[in-house]
Amino acid sequence: QVQLVQSGGGLVQAGGSLRLSCTASGSIVRAGWYRQAPEKGRELVASITNDDSANYADFVKGRFTISRDNAKNTVYLQMNSLKPEDTAVYYCNVKMEGYFAVWGQGTLVTVSS
């Protein structure tokens, strides 16, 4: 059964850090983290390919890091120097071997000023 479980997130003060995790039920081919702020569309934050090539949206470059642990079928998003405008629901999107890409359940990140 294809399943993603997200963890992490919560409330943090501006300048703080959080780490999000996304664990898949199978081997991850590629993955991405997206976010959706209130009354805004979903936007790509970072992505990672099967050869660990990472890409970042300009608004998180130098602050966020996407990584993966293949042994744990898990993708991470380390978020540093958080800003109030980073407040959003964060979703992972994962392509596993043999399956279409699926979305995680989302996790709320709130950054207070």
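This is a predicted model: local features need pLDDT of at least 70, side-chain atom pairs count only at pLDDT 80 or more; totals for chains, interfaces and linings use all residues.
Local features were taken at pLDDT of at least 70 and side-chain atom pairs at pLDDT 80 or more, while totals for chains, interfaces and linings use all residues. Residues are numbered from 1 along each chain as its sequence is written, and side-chain values use heavy atoms, without hydrogens and water.

The structure holds one disulfide, a term that stands for a pair of cysteine sulfur atoms within 2.5 Å. Cys22 and Cys92 form this bond, with their sulfur atoms 2.1 Å apart. The torsion about the S-S bond is about 60 degrees, so the disulfide is right-handed. Cys22 lies in strand S3 (residues 18-24) and Cys92 in strand S9 (residues 88-96), so the pair ties together parts that are 70 residues apart in sequence. Strands here are DSSP runs of E with at least two residues, numbered from the N terminus. Cys22 is buried at 0%. Cys92 is buried at 1%.

Trp33 is placed in strand S4 (residues 28-36). Its relative accessible area is 0%, which counts as buried. The Trp33 side chain reaches the backbone oxygen of Tyr76 at 3.4 Å. Such a polar contact is a pair of N or O atoms within 3.5 Å; within protein, one must be able to donate a hydrogen and the other to accept it, and residues adjacent in sequence count only if both atoms are side-chain atoms.

Strands were treated as paired if DSSP finds at least two bridges between them. An open sheet of four strands runs in the order S1-S3-S8-S7, with antiparallel pairing. Strand S1 (4-7) and strand S7 (64-69) are the edge strands, each pairing on one side only. Strand S7 pairs with strand S8 (residues 74-79) over six bridges, in the antiparallel sense. Arg68 stands opposite Val75 in S8.

Further antiparallel pairing involves S4, S5 and S6. S4 and strand S5 (residues 43-48) pair over five bridges, and Ala31 stands opposite Ile48 in S5. These two strands form a hairpin with six residues between them. In its turn, Glu39 has a positive phi of about 65 degrees. S5 and strand S6 (residues 54-56) pair over three bridges, with Ala46 opposite Tyr56 in S6. S5 and S6 form a hairpin with five residues between them. Asp52 in that turn has a positive phi of about 65 degrees.

The count of salt bridges comes to five, each with a side-chain nitrogen of Lys or Arg within 4 Å of a carboxyl oxygen of Asp or Glu. Arg35 and Glu43 meet at 2.9 Å, N to O. Arg35 is buried at 6% relative accessibility, whereas Glu43 is partly exposed at 32%. Asp58 pairs with Lys61, the closest N and O atoms being 3.2 Å apart. Asp58 is exposed at 62%.

Arg63 and Asp86 form a salt bridge at 2.7 Å, N to O. Arg63 lies in the loop between S6 and S7 and Asp86 in the loop between S8 and S9, so the pair ties together parts that are 23 residues apart in sequence. Arg63 is buried at 11%, and Asp86 is buried at 1%. Arg35, Glu43, Arg63 and Asp86 are linked in a network of salt bridges.

Definitions and conventions
Buried means under 20% relative accessible area, exposed over 50%, partly exposed in between (1.4 Å probe, protein chains only).
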